[in-house]
Structure formats: structure tokens, C-alpha cells
Amino acid sequence: MTSTKGLEGITATESAISSIIDDKLTYAGYDIDDLATNSSFEEVIYLLWNQKLPNKKQLDELKDALAEEMDIPDEITAHLKSYDLKSVNPMAVLRTSISMLGIFDNEADEMEEESNKRKAVRIQAKIPTIVTAFARIRKGEEPVKPKKDLSFAANFLYMLNGEEPEDLEVEAFNKALVLHADHELNASTFTARVCVATLSDIYSGVTAAISALKGPLHGGANERVMAMLTEIGDVDNAIPHIEKKLENKEKIMGMGHRVYQQGDPRAKHLREMSRELTGLTGHSKFYDMSVKIEKYIKENKGLPANVDFYSASVYHSLGIDHDLFTPIFAVSRTSGWLAHILEQYNDNRLIRPRADYTGPKNQTYKPVEERS
Ligand SMILES: CC(=O)SCCNC(=O)CCNC(=O)[C@H](O)C(C)(C)COP(=O)(O)OP(=O)(O)OC[C@H]1O[C@@H](n2cnc3c(N)ncnc32)[C@H](O)[C@@H]1OP(=O)(O)O
Ligand SMILES: O=C([O-])CC(=O)C(=O)O
């Protein structure tokens with residue numbers, strides 16, 4: 001047997017949901033540039049789950065179904081109030097909350113397709129309510145009930161801040177949701193598929209995916225980008241700071257990608273949003289630093305910025321707490337995870353690769369008293 005570290009270059013499944021070919025990303029055949037410019041997040045949810053764009057009636061039905069399911073059980077709100085709120089990691093809270101949500105769903109273990117589709121709507125609808133309720137509770141504020149007539153993006157910002165957002169904020173947030181929604185067989189999506197390929201339930205699949213997204217080499221990079229920019233503090237300090245990190249063999253968060261060689265097509269949209277929003281909110285220095293770092297890393301390491309790099313300064317400009325950046329990624333990526341989970345159930349086979357054994361051989365058991 002020969003193994004490939006990190007499964008690099010291995011094609012592990014067929015999928016009709018999204019593709020990355022020659023550095024071009026499409027969702028069900030639609031170019032990400034087209035979707036980022038024109039579509040609502042709700043349309044993208046429908047697209048990922050059905051591999052076609054909805055007509056008006058189908059879109060309205062999905063919006064109604066999401067609106068119907070946005071409220072969360074009181075037990076989840078009580079659980080969100082039960083933590084040592086200063087030290088808890090919001091991704092750990094989210095991971096636990098989605099798992100707990102399954103406990104309050106009577107059909108959690110039903111495996112029929114229609115039941116799984118109902119649960120997909122339920123999970124997608126409730127995840128923003130959970131993230132925003134937690135964000136408010138830890139500040140000593142009461143959760144804000146969802147407004148069922150707002151768009152998905154507007155509702156998130158409304159539940160987070162308790163007031164209806166400006167159009168520009170909604171537009172930016174919607175675009176960020178669209179850009180993060182799916183990405184072929186990334187680590188968290190693969191995790192979700194491995195989990196449900198055992199015929200475990202959909203809540204387990206999403207909980208597993210959240211666990212994988214949390215790591216700094218994946219979704220957890222975005223909040224670390226912001227920590228780095230904050231530590232740099234000043235545009236003139238950007239390159240010396242990066243040089244020092246590289247000397248210490250540290251990775252620069254938000255840079256590099258397993259699949260993209262030239263560039264991540266999502267990054268240019270987030271770069272432009274960062275330029276605009278940091279300019280409007282008096283945070284231009286974070287954009288200026290980011291541009292310098294991106295250029296330096298490209299020239300010196302040949303690595304492109306990934307989706308996490310500019311999303312950091314975009315979310316910061318929207319006034320969002322830095323440790324909510326990764327949960328927000330999860331709110332969006334849930335749409336992709338659910339699409340992949342449904343696709344996996346639809347044509348399932350257990351995912352079980354092999355390992356090249358490198359440990360000792362031909363050992364003989366000795367009783368503990370005889371061991372040195
Ligand atoms: C949504 C997302 O998940 S996008 C990715 C988010 N993650 C990050 O931004 C974290 C920073 N980036 C990384 O760690 C990597 O680029 C990954 C994890 C994204 C991809 O990793 P891989 O394809 O496994 O590449 P790997 O980590 O093996 O790196 C290959 C080489 O490039 C270097 N490299 C890769 N990324 C970086 C980086 N961000 N900063 C500095 N060096 C880097 C590695 O040190 C390694 O160098 P070496 O060959 O001299 O040892
Ligand atoms: O595809 C990957 O490896 C990581 C990524 O960019 C994503 O999940 O959006």
C-alpha cells in the first residue's frame with residue numbers, strides 16, 4: 001500500500017454540488033462570481049440542496065419553511081445561559097448546541113429522505129438563532145426573536161444587534177454567506193460525509209462538521225487573521241511582523257490553500273468588500289495591512305490569500321466580535337454540509353480507507369511485572 005499524507009490529490013467521492021476546476025469555483029455549475037454578485041443566500045441554499053436555482057414559488061416556499069423553523073427550544077436558550085461565558089469558545093458552544101438540538105427533535109433518527117429534508121431546513125433555520133442568542137447572552141443581553149419577514153442575512157444581523165441593519169450591511173453579509181456556503185470536499189464537509197456514511201443521523205453529521213471547521217487550519221483561521229492584524233496594529237509594522245513569523249516557521253493565517261494554486265476566487269470579492277467597509281467604518285488600516293501581507297506572501301512564498309483572509313476585516317468592519325467569525329462561517333457552510341449529507345444518504349457506501357502500518361511488528365506479550 002502507498003498512502004498520501006493528508007489525502008492530497010485523492011478523489012474520494014463523486015458529487016454534483018460544487019466543483020473546483022482550474023481555480024474556478026462553481027455551485028451546481030454556476031460560477032461563484034455570478035452568484036456572489038447576484039444571488040441571495042436563500043437562493044444558494046436551494047441551489048446546493050437541489051442543484052438548480054429556485055423559481056419564485058420555490059424560493060418563497062423555502063423562505064417560509066425557514067421562517068417557520070427559526071425559533072429554538074427554550075432548553076437550548078437555558079443551556080446557552082449556563083456557561084462560564086467569559087472563557088467559553090463559541091465554536092464549542094455551537095458544536096454542543098447542534099448536538100443538543102437533535103435531542104429535542106422527535107424525528108432525529110428517522111432516515112427517510114423527506115424527514116432528512118425537513119431536518120435540513122430546521123438546522124439551517126435555527127443555527128443563526130443559536131449563534132446570535134449566545135452572542136447576546138454572554139453580553140448580559142436577552143436574545144432577540146427572529147423577524148420572519150427579514151432575509152436570512154438581515155435576520156442574522158438583526159438578532160445579533162437588536163436593530164435592523166442598513167442595506168449595505170445586509171448586502172455585504174449576504175455576499176459573505178454566499179461565498180462561504182460550499183467548497184467541494186473540504187475537511188469539514190468530508191467529515192460530515194464520513195460521519196453520515198455510517199448511517200448516523202443528520203445532527204451527528206453537522207456536529208462532526210462543526211468540530212472539523214473549528215480548527216485553525218480550516219474555518220478557525222478567520223478569527224486568527226483578525227488577531228494577527230490587531231497584534232500588528234500599524235501598517236508599517238505589517239511586513240516586519242510577517243518576516244518574524246516566517247523566520248519562526250509560523251504559518252500566516254488566511255494564506256495558502258490545498259487546492260488553489262494561483263488564487264482563491266472568493267478572496268477578490270472579500271478584498272473588495274474589505275476595502276469598501278473598512279473605508280466606511282474608519283478601519284482602513286486593516287485593509288491596508290492585509291493588502292501588504294497578501295502581496296508579500298504571494299511574492300515570497302508563492303501562496304495566495306484564501307477565503308478566511310479578507311473575511312476577517314469584513315466582519316470586523318460590521319462590528320462583529322472576532323470569536324464569532326468562525327461560527328458565522330458555520331452558519332453559511334451548514335448549507336453545504338447539509339447538501340453533502342443528503343447527497344451521501346442518497347447513494348451511500350461506508351467510507352473506510354486503509355492505513356499503511358508503520359508501527360512495531362511481531363511483539364510478544366509480557367505480564368506487567370516483567371516489563372521494564
Ligand atoms: C476555509 C479554509 O479552510 S481555507 C484555509 C484556512 N487555513 C489557513 O489559512 C491556515 C494557514 N494555511 C495553511 O496552514 C495551509 O496553507 C493549508 C492548511 C490551508 C493548506 O495546507 P497544505 O496543502 O497541507 O500545505 P502544507 O501545510 O503542507 O504547506 C506546504 C508548504 O507551504 C507552507 N505554507 C502553507 N501555508 C502557509 C502559510 N499560511 N504560511 C506560511 N507557510 C505556509 C508550509 O509551511 C509548507 O512549507 P514547507 O514545504 O517548506 O514545509
Ligand atoms: O476547501 C478547503 O480545503 C478549504 C476551504 O477553502 C473551504 O472549506 O472553504
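Me: Is Lys249 buried or exposed?
Reply: Lys249 is exposed, with a relative accessible area of 75% (buried means under 20%, exposed over 50%, partly exposed in between, with a 1.4 Å probe and protein chains only). This is a predicted model, in which local features need pLDDT of at least 70, side-chain atom pairs count only at pLDDT 80 or more, and totals for chains, interfaces and linings use all residues. Residues are numbered from 1 along each chain as its sequence is written, chains are lettered from A and ligands numbered from 1 in the order in which they are written, and side-chain values use heavy atoms, leaving out hydrogens and water.

Me: Where does Lys249 sit?
Reply: Lys249 belongs to the loop between α12 (238-247) and α13 (267-281); helices (H or I, at least four residues) and strands (E, at least two) are DSSP runs numbered from the N terminus.

Me: And what is the phi of Lys249?
Reply: Although Lys249 is not a glycine, its phi is positive, about 60°.

Me: What about the phi of Leu199?
Reply: Leu199, also not a glycine, has a positive phi near 70°. Leu199 is found in the loop between α9 (187-196) and α10 (202-213), and is exposed at 52% relative accessible area.

Me: Changing topic: how many residues of α7 are buried?
Reply: Nine of the ten residues in α7 (152-161) are buried. Among them are Phe152, Phe156, Tyr158 and Met159.

Me: What covers the buried residues of α7?
Reply: The cover includes α2 (41-50), α6 (113-137), α8 (167-180) and α16 (325-346), where contact means heavy atoms within 4.5 Å.

Me: Which residue just after α7 has a positive phi?
Reply: Gly162 does, with a phi of about 80°.
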